[in-house]
Each structure stands twice: as structure tokens, then as C-alpha cells.
Amino acid sequence: MFTDTPRGILIVAKAPVPGQVKTRLTEKYSEVEAAELAAAALLDTLDTALSVGTAPVVVAMTGALSDAVAVEEIGWRLRHTTVIAQHGNTFGERLQNAHRDTDDVVHGAVFQVGMDTPQITAGQFRAALAALDETDCVLGPATDGGWWGLGLHDARGAHTLTGVPMSSAETGAATRSALETDGLRVTELPELCDVDHPEDIDGVARRCAPGSRFASTAATLMERSS
């Protein structure tokens, strides 16, 4: 039904600056270590998205990248993407605006992820984009009740995100309800665990591809803390 529309990938990211990213991980790790994990997750996500090949990658970025961990590695990969700035007063507004701004680049189906699921594979990106051929939107639920991925056509439905309570155990259900109330058909993707708390790290690292930066960084930090 939508098979002739262009496809793209949107990554919503925050510069991995110590003290400003993944602060909930500092229950166990230092601010620098939390930023190192965030940088590894972002690099893995960028590499996987870029490996899809057939879908241009847009990165909606916030934060001072010049102060970030692994700034050179991240900067090199961003040169292969279209970088846009996040804007809005709430996270829901920033997500809405990221989808609308990405529509100016892609003009079609866009699948959005964050930098919390470095275990995502190129096959999962392709499957999400393929699913958009048959439905209005796709939603990837997270094990904590949130969601890890959202696919829309031409940013339709993005405005509903401004009314969804974010970062709660009800976010996933509330997002689906808002999209369906707006008249959109929602197809669910397989559930994934995202990295929000220290106890999430090991399970996600085990599901990453061998040699991934996140798995390697996680192993090093776990050895230090043991």
C-alpha cells in the first residue's frame, strides 16, 4: 500500500557529555563512565543504521557535541548523516518536531529510535521499514512499559506525542492509544529492553553483536566495579 514511498531512519540522540547524559546510570557508575556507555550505544546505533544502506539516516541531536565523550568518532559518523537540532520545551514536543523536520529530508516513511537500544540489528531496521509498507505506523514496545521505536508516514501522528506522558511505565500504552485515537492503524514490533538503569546494562550487552562498542564498554566497566 505504501511501497512506493521513500524510507528513512531517524535517530534521536543526546551528546554524551559527562553529567548530562544517562544520569540514572550514576547510581553505580561515574558521570564519565555513564557518558562512555552512552557514546558506545550511540556509535553502535549509528553504525547499524548506516549499514542498512537503502535508507538515509537523520540524527536529531541535542547537547554540546564538542564536550562529548568520543567526539571525533561520533563526528566522523555524523558526516554520513543529516544532522538536525532538537527543539521544543518538552520531550514530546522535541519528538514531534524531529519527525516533522525529518519529513523535510525524507518525504515518506521514517522509523525513529533513540540511543538506548544498541542491540538493534540492521535486520530489525529493515523489518520495521518493511512493516510500514502495510500500516500507518509501527511501535516497538520496551520492557519497562515505554517504547524503543516509532515509525510514521510523513510525520502523520507525530503531534500526538506532545500529549503523552514520557518516561513512565504507561508511555507505550499511552502512545499507542493516542495514535489510534488519531485514526492510525498501529502495528507492534518485537519488544526490546532499553538502557535506563545499571541493571539493564548486562542484558542489553549480551544481545549486542559480537565486538560491539557497547558490549565491550560494558564488560570493561563491570570488571572495574566487581
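Which residues of helix H5 (residues 171–181) are buried? I found Thr171, Gly172, Thr175 and Leu179 buried, where buried means under 20% relative accessible area, exposed over 50% and partly exposed in between, with a 1.4 Å probe and protein chains only.

A note on the source: this is a predicted model, in which local features need pLDDT of at least 70, side-chain atom pairs count only at pLDDT 80 or more, and totals for chains, interfaces and linings use all residues. Residues are numbered from 1 along each chain as its sequence is written, and side-chain values use heavy atoms, with hydrogens and water left out.

Next I checked the partners. The buried residues of H5 pack against strands E5 (137–141), E6 (147–153) and E7 (186–188), contact meaning heavy atoms within 4.5 Å. After H5 comes Gly183, with a positive phi near 95°.

Then I zoomed out. I have 7 helices and 7 strands in the chain; these are DSSP runs numbered from the N terminus, helices being H or I of at least four residues and strands E of at least two. From the N terminus the order is β-α-β-α-β-α-β-α-β-β-α-β-α-α.

Last entry: 51% of the 226 residues count as buried. Among contacts between residues at least 6 apart in sequence, 72% join residues at least 24 apart.
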